[in-house]
Amino acid sequence: MTQASAIVVSTSSAEETRAVAGAIAPLCVPGDVLLLAGDLGSGKTTFAQGFGRALGIVDPITSPTFTLVRQYELDGAVHAAAGQPLKTLLHADVYRLDSLGEIVDLGLGELVEDGAVALVEWGDVAEPVLGDGSLSLRLDAHSGNGNPGDLDDRRTVTIGRSGPRWADRWARLAEVLQPWAVDG
Ligand SMILES: Nc1ncnc2c1ncn2[C@@H]1O[C@H](COP(=O)(O)OP(=O)(O)O)[C@@H](O)[C@H]1O
Ligand SMILES: [Mg+2]
């Protein structure tokens, strides 16, 4: 059994989505891969900004659409308390990649084994190669007036996990996300 029930949270502003990311970041350990899914403008890069901020990154985090992967060196002390310092944050955007082979070629799998945590935008397409053990986060925007593209500031974030990797942390994750939880 690898399927856990999803954790669903909702946010009402970009800053709130950053706060959700900032609550998740301290639970991450080297080797973790977070797959961010959701349409353009749903908030994947915004999530990455909050995640990076919580890890002490001061450089502005922008979409890596053209660079594919950005690498941020972390002050390992940030997470030394957990006994497993994070050395690096990888922020990838695989939107422009056409094949799973190209995603494999990015080498994210090897990089995270060496002390990194990875955030992958459009991660649902990477699921077949990076999904095992990953945390998946799907961001859904709401259309306030029913017109597609005319979005308001609410987002639903549906979090799932694959495999046992997050099993021990699942209850803790639900706990830290409680302030934004959608019940039922
Ligand atoms: N609740 C929210 N969560 C995240 N972003 C939001 C929210 N409300 C409004 N926004 C805005 O939506 C946009 C999301 O853009 P971005 O994070 O680049 O999306 P993506 O990377 O998924 O294409 C930003 O302009 C952000 O300020
Ligand atoms: Mg983006």
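This is a predicted model: local features need pLDDT of at least 70, side-chain atom pairs count only at pLDDT 80 or more; totals for chains, interfaces and linings use all residues.
Let's begin with helix α1, residues 14-24, and helix α2, residues 44-54. They pack at an angle of about 50°, and their axes are 7 Å apart. That angle is why we call α1 and α2 oblique to each other. If you turn the model on your screen, you can follow α1 as it passes α2 in a right-handed crossing.

Which residues of α1 and α2 make the contact? On the α1 side they are Ala-14, Thr-17, Arg-18, Ala-19, Val-20, Ala-21, Gly-22 and Ile-24. On the α2 side you will find Thr-46, Phe-47, Gln-49, Gly-50, Phe-51, Arg-53 and Ala-54.

Eight of its eleven residues are buried, so α2 is largely enclosed by the rest of the structure. The buried ones are Lys-44, Thr-46, Phe-47, Ala-48, Gln-49, Gly-50, Phe-51 and Gly-52. And what covers them? The cover includes α1 together with the strands β2 (33-37), β3 (69-73), β4 (88-93), β5 (116-121) and β6 (135-143). After α2 comes Gly-56, with a positive phi near 90°.

Back to α1, which has its own buried residues: Glu-16, Thr-17, Arg-18, Val-20, Ala-21, Ala-23 and Ile-24. These pack against α2, and also against β1 (7-11), β7 (151-161) and α7 (170-176).

From the helices, let's move to the core. In soluble globular proteins, nonpolar side chains tend to be buried together. Here, the largest nonpolar core has 41 residues. The ones with the most contacts inside that core are Leu-34, Leu-35, Leu-108, Ala-118, Val-120 and Leu-137. Take Leu-108 as an example: beyond its neighbours within four places in sequence, Leu-108 is in contact with Val-33, Leu-90, Ala-92, Ala-118, Val-120 and Leu-130.

Helix α5, residues 108-113, also holds Glu-110. Is Glu-110 buried or exposed? It counts as exposed, because it has 9 C-beta neighbours inside 10 Å. Glu-110 and Ile-61 are 49 residues apart in sequence, and their C-alpha atoms are 23 Å apart in space.

Next, two residues with a backbone angle to look at. Leu-68 sits in the loop between α2 and β3. Its phi is positive, about 70°, although Leu-68 is not a glycine. Leu-68 has 17 C-beta neighbours inside 10 Å, so it counts as partly exposed. Trp-122, in the loop between β5 and α6 (123-130), also has a positive phi, near 60°, and is a residue other than glycine. Trp-122 has 21 C-beta neighbours inside 10 Å and therefore counts as buried.

One last stop is Gly-31, in the loop between α1 and β2. With 18 C-beta neighbours inside 10 Å, Gly-31 counts as partly exposed. Leaving out neighbours within four places in sequence, Gly-31 is in contact with Val-112 and Glu-113. Gly-31 and Asp-98 lie 67 residues apart in sequence and 25 Å apart in space, C-alpha to C-alpha.

Technical notes. Residues are numbered from 1 along each chain as its sequence is written. Chains are lettered from A and ligands numbered from 1 in the order in which they are written. Axes are lines fitted to C-alpha atoms, for helices over the stretch in contact, and angles run from 0 to 180 degrees between N-to-C directions. Helices (H or I, at least four residues) and strands (E, at least two) are DSSP runs, numbered from the N terminus. Angles under 35 degrees count as roughly parallel, over 145 as roughly antiparallel, 65 to 115 as roughly perpendicular and the rest as oblique. A crossing is left-handed if the near helix is turned anticlockwise from the far one by less than a right angle, and right-handed if clockwise. Two residues are in contact if their C-beta atoms, placed from the backbone, lie within 7 Å. A residue is buried if 20 or more other C-beta atoms lie within 10 Å of its own, exposed if 12 or fewer, and partly exposed in between; C-beta atoms are placed from the backbone. A nonpolar core is a set of buried Ala, Val, Leu, Ile, Met, Phe, Trp, Tyr and Cys residues joined through C-beta atoms within 7 Å.
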